[in-house]
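Dear colleague,

Please find below the structure that I am handing over to you.

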Amino acid sequence: MAAKMTFESAMKRLEEIVKSLEAGDSPLDEALKLFEEGVKLADFCNKALNTAEQKVTMLTTSSDGEMEQVDFGGKDDGDAE
């Protein structure tokens with residue numbers, strides 16, 4: 001896999017692989033190679049999404065009027081007032 005692959009380019013290639021595998025025209029050896037590449041691309045995309053989610057934060061105003069940074073993922077939803 002290319003060292004400078006972007007999420008978008010990985011998704012585009014993954015879509016191409018899925019279409020090719022769904023068509024069913026590839027010989028078994030080629031289909032297995034495409035599947036393996038697809039698994040690697042899916043893993044790359046999943047890691048990229050997880051990293052992006054960790055970076056996303058939301059600014060909110062606390063009860064005393066101060067701005068505070070809160071995780072966007074809503075992991076503390078159970079503590080909501």
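Apart from its neighbours within four places in sequence, A10 is in contact with M5, L41, F44 and C45. Please note that the model is a predicted one.

A10 also belongs to the largest nonpolar core, which has six residues. Helix 1 and helix 2 are the elements that give two or more residues to it.

Two packed helices are described by the angle between their axes and the distance between the axes. Helix 1 covers residues 7-23 and helix 2 covers residues 28-55; their axes come within 9 Å and cross at roughly 150 degrees. The crossing of helix 1 and helix 2 is left-handed. On the side of helix 1, the residues making the contact include F7, A10, M11 and R13, while helix 2 contributes, among them, A31, E37, G38 and L41. By type, the residues of this contact divide into 15 nonpolar, two polar and two charged.

Turning to the protein as a whole, there are two helices and two strands, and from the N terminus on the order of the elements is α-α-β-β. The protein has 81 residues, of which 12% count as buried. Its accessible surface comes to about 6,800 Å², and 53% of that belongs to carbon and sulfur atoms. Among contacts between residues at least 6 apart in sequence, 41% join residues at least 24 apart.

Yours sincerely,
A colleague

Conventions. Residues numbered from 1 in each chain as written. Predicted model: local features only at pLDDT ≥ 70, side-chain atom pairs only at ≥ 80, totals over all residues. Heavy atoms only, no water. Axes fitted to C-alpha atoms, helices over the stretch in contact; angles between N-to-C directions. Helix = DSSP H or I, 4+ residues; strand = E, 2+ residues; numbered from the N terminus. Left-handed = near helix turned anticlockwise from the far one by under 90°. Contact = heavy atoms within 4.5 Å. Nonpolar A, V, L, I, M, F, W, Y, C, P; charged D, E, K, R; others polar. Buried < 20%, exposed > 50% of the residue type's maximum accessible area, 1.4 Å probe, protein only. Areas by Shrake-Rupley, 256 points an atom, 1.4 Å probe, with all protein chains shown as cover. Core = buried A, V, L, I, M, F, W, Y, C linked by side-chain atoms within 4.5 Å.
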